[in-house]
Structures are given as C-alpha cells and as structure tokens.
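Let's take a friendly walk through this chain together. Have the sequence and the 3D view open as you read.

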Amino acid sequence: MSTLRNEAVRVRGRDARESTPSPRRGRRLQRWLGENPIGLLLSSPYILFVVVVFLVPFGFGVWMSLHDFFFTAPGVQVEHPFVGFDNFATIFTDPLVRQSFLNLLVFLVINVPLTVVLALVFAMGLNSVIHWKGFFRVSYYIPYVTASVATLTVWIFMFSGNGVVNKFLGDLAPDPSWLANQGLIMPLIAVYVTWKNLGFFILLYLAALQNVPAELHEAAEMDGAGIWQRFRSVTLPSVRPVTSLVVLLSIITTGQIFTEPYLLTGGGPNGASMTPSLLMYQKGIQQGQPDIAAAIGMVLVIVVMLLSLASRRVTEGKNR
C-alpha cells in the first residue's frame, strides 16, 4: 500500500515539474516581453503606427533610391531595374543639391545657437517674473501654435521691397531687398524659424529652471559667487539635459525646413534659399524623378543623424 502511495506522489511531482516552465524559458520570455508585459500591450498601437507611417515608407524610400523608379498610371506594371548607387552619383554631381545642403549649414549655424541662447535668456527672465507669468507664457507660445502661412504673410509684408522694415531703415535698407538678396535670404529664414519656435523651447527651459533647488543658488551666493558664477556653476549644469534636447530638436527642425523657403521665395533667388526637403519636392513631384528625390532624402537622413549624434556627444559629454 505504501509503495502505491509513493508511486502516486512521484507521478504528481513529475506532472507538476512538467507543467511548470523552466527558469531558462521564463528568463527568455521576460527578455522579449520585459518585466511588465502589459506595458508592451498598451504601447502596441503606437508601435504599429510607427511601423506603418514611418518604417514602411522609409524602407520603400531606400528601395526607390537604389532603383530606376518613376510614377506610372494606376494599374500599369513596369520594370524598375536596380541601378545601385547611380542615383547618389547623380545628386552628388548636381550643383543645386550641393547648394541646398550648404544653405542648410548656414541655417543650422544661425538657428541652433540663437535658439539655445534666446530660449535660455527669456526663460530665466520669465522665471524671475512675479506677476503676469501666465500672460507672458501664452505670449511667447502664440507664434509657435500659429499657422506658418499666417506668420509668413506678416514677414513678407515686413521684409518686401516696400515693406515696413525697409521704410524704417531708409537708405540703410539692403539692395536688392531682403527676399531677393542671395546673402540675406537664408539668415532671414533662420531668424524667422527661431522666432516662431522660440516659445516652445522657452517653456522647456522654464520647466528645467523651476526644478533647480533654490538651496543651490543660496549656497553659491553664501560662498561669494556672483551672478555670472552662479549661472555658470549652478544654472548651466542643471539645464544641460534640456539644452541637449533643444539642440537635438533644432537639428531635426533644420532637416525638415520646407514651408518657409517654399512660401517666401520658392527656393530662390538662384537657389539661395533652396533646402533638401524643398528640392525633394521639386524633383519628386514637379519633375517626376522620385528616385533622385529618394536619394536626396537618404543623404539628408544620414546627415541629420550624424549631426544629432555629434550634438549629443558635445552637450552631454560631461555626463557620460
């Protein structure tokens, strides 16, 4: 009787071991699903959105850049032969493509430092204001949420040949005027984009400044630190992560510049305000060369990625 009881216990133990997942299998499943699988389930709609809206078109763009691709009528099947890097060789020998990336560099050199400096200065001023804080926050933020078509119309009115700015400057007004001046049009666009997006970056810096403990400034002041020393030793290190984010977002914005040169000058005069995004539109849509446009887009993605990585190393280097 005891032998039968021991055998039954042994069988139940074996069944329990077989039904219990092995630790190795559990660790592998946890590595794929994470510590909280419900989080993966809740984020799956956004993951699907990113795949459908971003990754699939990006993959198709890579394929287009390596093939002889052109638009055809619906239902028409044609061959798109593989051409390798011929499309890239074409754009590298195109002077307008080189000019567009040079214009992007001019925009970047002006926009990024100006955005960081002005946003931090205005945020510090707003952080020290006692009354009307809500009013100032809304005032700074209004240009950011206003449609570019509306604000650009105001800038055209201001900087046209007979505009308000030229009338104010009188004999000091540039000739040719702002929108027709090859040396001034790209800096003007950079200043406009800085002004329009500044409110968003001011709020980012303001949130960071309000999280800086007041005890740090009080301790530095008790040690005899002046305003500049407190700014350099307390404020700047405290807002370094936000500075890295502001620079990164400014670089991404630089790569996407399209609306401003398209509405202001259409890329002129003589390509002085042409950008890669605007050139992609002209090549792909207006001239029917989507493979060339895709090649420009791939180069633009690589340039923006390299600049973003370089900016992170510079702005976050001391924290790594």
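Two residues are in contact when they have heavy atoms within 4.5 Å of each other. With that in hand, residues 24 or more positions apart account for 65% of the contacts in the chain with a separation of 6 or more. Please keep in mind that this is a predicted model.

**The chain as a whole**

The chain has 15 helices and 0 strands. It counts 320 residues, and buried ones make up 34% of them. The chain exposes about 20,000 Å², and carbon and sulfur atoms supply 66% of that area.

Where might you look for nonpolar surface? One patch of about 1,000 Å² is made by Leu-40, Tyr-46, Ile-47, Leu-48, Phe-49, Val-51, Val-52, Val-53, Phe-54, Leu-55 and Val-56. Take Val-51 as an example: this residue sits in helix 3, which spans residues 37-65. Val-51 has a relative accessible area of 33% and is therefore partly exposed, since that class runs between the 20% and 50% limits.

**Aromatic pairs**

How many aromatic pairs does the structure hold? There are 18 aromatic pairs. In one of them, the ring centres of Phe-60 and Trp-63 lie 5.9 Å apart with the planes at 10°, so this pair is stacked; the cut-off for stacking is under 30 degrees. Phe-60 and Trp-63 are both in helix 3, and because they are 3 residues apart there, about one helical turn separates them. Phe-60 is partly exposed at 42% relative accessibility, and Trp-63 is partly exposed too, at 34%.

Another pair joins Tyr-192 and Trp-195, with ring centres 5.9 Å apart and planes at 45°, so this pair is tilted. Both residues belong to helix 9 (residues 185-210), where they are 3 residues apart, about one turn of the helix. Is Tyr-192 buried or exposed? Tyr-192 has 1% relative accessibility, so it counts as buried.

| Pair | Distance between ring centres | Angle between planes | Arrangement |
|---|---|---|---|
| Phe-60 and Trp-63 | 5.9 Å | 10° | stacked |
| Tyr-192 and Trp-195 | 5.9 Å | 45° | tilted |

Val-116 is found in helix 5, covering residues 95-128. Val-116 has a relative accessible area of 16%, so it is buried; the limit for that class is under 20%. Which residues does Val-116 contact, leaving aside its neighbours within four places in sequence? Its contacts are Tyr-205, Thr-243, Val-246 and Val-247.

Because its relative accessibility is 14%, Gln-282 counts as buried. Setting aside neighbours within four places in sequence, Gln-282 is in contact with Gly-266, Met-274 and Gln-287.

Definitions and conventions:
Residues are numbered from 1 along each chain as its sequence is written. This is a predicted model: local features need pLDDT of at least 70, side-chain atom pairs count only at pLDDT 80 or more; totals for chains, interfaces and linings use all residues. Side-chain values use heavy atoms; hydrogens and water are left out. Patches are made of residues with over 30% relative accessible area and no salt bridge: like charges are joined within 9 Å, nonpolar side chains (Val, Leu, Ile, Met, Phe, Trp, Tyr) within 5 Å. Accessible areas come from the Shrake-Rupley method with a 1.4 Å probe; for residues, only the protein chains shown count as cover. A salt bridge is a side-chain nitrogen of Lys or Arg within 4 Å of a carboxyl oxygen of Asp or Glu. Helices (H or I, at least four residues) and strands (E, at least two) are DSSP runs, numbered from the N terminus. Buried means under 20% relative accessible area, exposed over 50%, partly exposed in between (1.4 Å probe, protein chains only). Rings of Phe, Tyr and Trp (its six-membered ring) pair if their centres lie within 6.5 Å; planes under 30 degrees apart count as stacked, over 60 as edge-to-face and the rest as tilted.
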